[in-house]
Amino acid sequence: MLSGLRHTYGRLRLGTRLALGLGVLSLTVFAVVGTVLTTYMHDYLERQLSDRMRSAQVVQAKDAIEHGAVQRETYMGWYQAVYDVSEAEPRLRQPAALPKESTAFASLAERLAHSRANDIFDTRPLGQEGTYRLRACEVKPGVVLVTAAPTTDIENTVTQLITVQVIAFALALLALVVFGRRTLRRGLKPLSDMARTAHSITSHDLTESAARLPLRADPRGGGPEMEELRTAFNTMLEHIDDSLAVRAEAEQRLRRFVADASHELRTPLMSVRGYADLFQYAAANAPEERDNHLSRLRAEAARMGFLLDDLLLLARLDASEAEIPLRLVETNLMELVQQAADAFRASHPGHPLRMMTGPAAVCSAVDTQRLRQVLDNLLANAAVHTPPGTEVSISVAMTGAEALMTVADTGPGIPPTDRARVFDRFYRVDKARTRDRGGSGLGLSVADSLIRAHGGTIELTSVPGETVFTVRLPLQRGAQCAGSLVGGGGGVREQADRSA
């Protein structure tokens with residue numbers, strides 16, 4: 001039974017439970033107030049009756065002293081009697097006005113005779129007469145006057161008071177529950193709004209790649225507590241929105257990456273397949289063409305290998321749990337840049353290269369092969385995306401605790417819409433993906449990932465007529481260049497292996 005009531009109570013709405021709780025609390029308060037008020041009123045009326053009896057007995061005592069008994073009539077319905085208590089048992093004097101059940105009179109007179117009090121009160125039922133208030137007082141030594149007054153008026157008054165209280169408290173309780181529940185419902189409306197918002201979110205398709213939650217809790221009413229809850233709720237929705245946006249962007253990038261990788265790998269694979277067919281045909285019909293087709297097969301396979309190597313390197317750099325060994329050595333960046341400049345002049349004679357003068361030695365702990373790969377990518381990017389004859393410059397400098405390496409060109413610049421994405425994988429300003437103006441679109445992505453693995457950054461600034469890539473690398477205090485890089489790394493002292 002009790003568990004069933006608890007289960008039913010637990011299924012009620014919060015507003016109903018609060019209203020019921022308020023009703024129970026109010027009922028308890030009303031009961032306490034009514035009991036105290038009724039008790040006070042009963043005691044007050046009883047004291048008034050006792051005062052009336054005391055005043056009446058003053059006159060009755062004089063009558064008893066004068067005539068030996070009370071002969072004067074008192075209030076209607078009252079009883080009085082005089083007892084001699086000097087003997088073992090009280091003896092009633094006549095005349096006396098007593099009800100049929102009068103043992104209470106003699107008992108009270110005997111109690112007073114054995115006590116030291118001046119008077120004694122008692123309230124007892126007198127048979128069919130009802131309940132009476134009795135008072136015994138000493139008229140003179142050995143003589144006791146007992147008077148009884150009905151308490152019917154007190155009982156009627158108290159009964160009426162209880163009736164009025166019950167009706168008034170019931171109406172007040174009903175009004176309190178009704179209007180209190182309405183007030184609670186209005187106060188809890190923000191919770192209902194948040195519940196509806198949550199239900200709307202559950203019906204929202206979060207599997208969409210661009211899923212967003214435009215729903216928010218209404219920022220009005222409810223007080224400070226509701227405001228805190230609403231703020232927390234809306235903050236949670238903002239966090240969900242941000243997470244969905246990040247997930248959607250990651251999914252979009254993954255789709256684009258897969259599509260671009262498939263496109264980039266498809267071209268050399270188709271070339272390999274075509275040259276393989278030609279090689280097979282030449283082996284049977286034109287043996288003199290076999291070496292030509294075989295060299296082309298090797299070139300396409302090498303190209304596909306370079307692409308796969310870049311993809312593997314990017315995947316390893318992205319995987320935080322994978323160990324990416326960077327063989328760090330104390331290196332003179334000036335010599336490393338000089339090597340990259342010499343290689344660029346040999347491979348791109350149509351682009352004049354200017355080496356900006358700087359300090360004689362800029363020493364830092366780097367992976368020389370990976371940093372050389374970064375410089376080659378930046379220089380190649382400048383040559384590929386600018387017309388022949390465009391000047392390219394490279395420089396090294398120190399600023400504070402950083403080494404700055406810049407690669408700049410005086411070409412047409414990069415459009416503003418493309419600057420934010422030039423470091424994205426497979427992204428090329430040439431939307432047609434032609435190969436006369438660029439490679440696979442991984443060069444800048446690889447360069448950015450490698451520099452970040454070194455703890456540095458790459459920044460791009462571009463305006464019409466100038467494009468500058470700035471590489472920032474942290475310098476170690478006390479690093480000293482151990483020797484020359486001539487010959488691809490001779491004379492350098494290996495410092496440590498580091499995992500990015």
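1. A residue is called buried under 20% relative accessible area, exposed over 50%, and partly exposed in between. Leu-22 has a relative accessibility of 31% and is therefore classed as partly exposed. The model under review is a predicted one, and the remarks below should be read accordingly.

2. Leu-22 is located in helix α2.

3. As to the chain in general, 12 helices and 13 strands are present. The chain has 500 residues, of which 35% count as buried. When contacts between residues at least 6 apart in sequence are considered, 64% of them link residues at least 24 apart.

4. Strand β9 (residues 392–399) contains Ser-393. The relative accessibility of Ser-393 is 12%, which lies under the 20% cut-off, so Ser-393 counts as buried. With residues up to four places away in sequence left out, Ser-393 touches Leu-353, Arg-354 and Met-356, and also Thr-406, Val-407 and Ala-408.

5. Ala-408 also figures in the surroundings of Glu-466: the C-alpha atoms of these two residues are 6.9 Å apart in space, although 58 residues separate them in sequence. Glu-466 belongs to strand β12 (residues 466–474). Its relative accessibility of 41% falls between the 20% and 50% limits, and Glu-466 is therefore partly exposed. Setting aside neighbours within four places in sequence, the contacts of Glu-466 are Asp-409, Thr-410, Gly-411 and Thr-461.

6. The mean pLDDT of the chain is 79, and 77% of the residues score at least 70. Among the elements of the chain, strand β5 (residues 143–150) has the highest mean pLDDT, 94, whereas strand β13 (residues 493–499) has the lowest, 32.

7. Two stretches with pLDDT below 50 should be noted. In residues 432–437 the pLDDT is below 50, and the model gives this stretch 15 contacts beyond near neighbours in sequence. In residues 483–500 the pLDDT is likewise below 50, and that stretch has 47 contacts of this kind in the model.

Terms used:
Residues numbered from 1 in each chain as written. Predicted model: local features only at pLDDT ≥ 70, side-chain atom pairs only at ≥ 80, totals over all residues. Heavy atoms only, no water. Helix = DSSP H or I, 4+ residues; strand = E, 2+ residues; numbered from the N terminus. Buried < 20%, exposed > 50% of the residue type's maximum accessible area, 1.4 Å probe, protein only. Contact = heavy atoms within 4.5 Å. pLDDT = per-residue confidence, 0-100.
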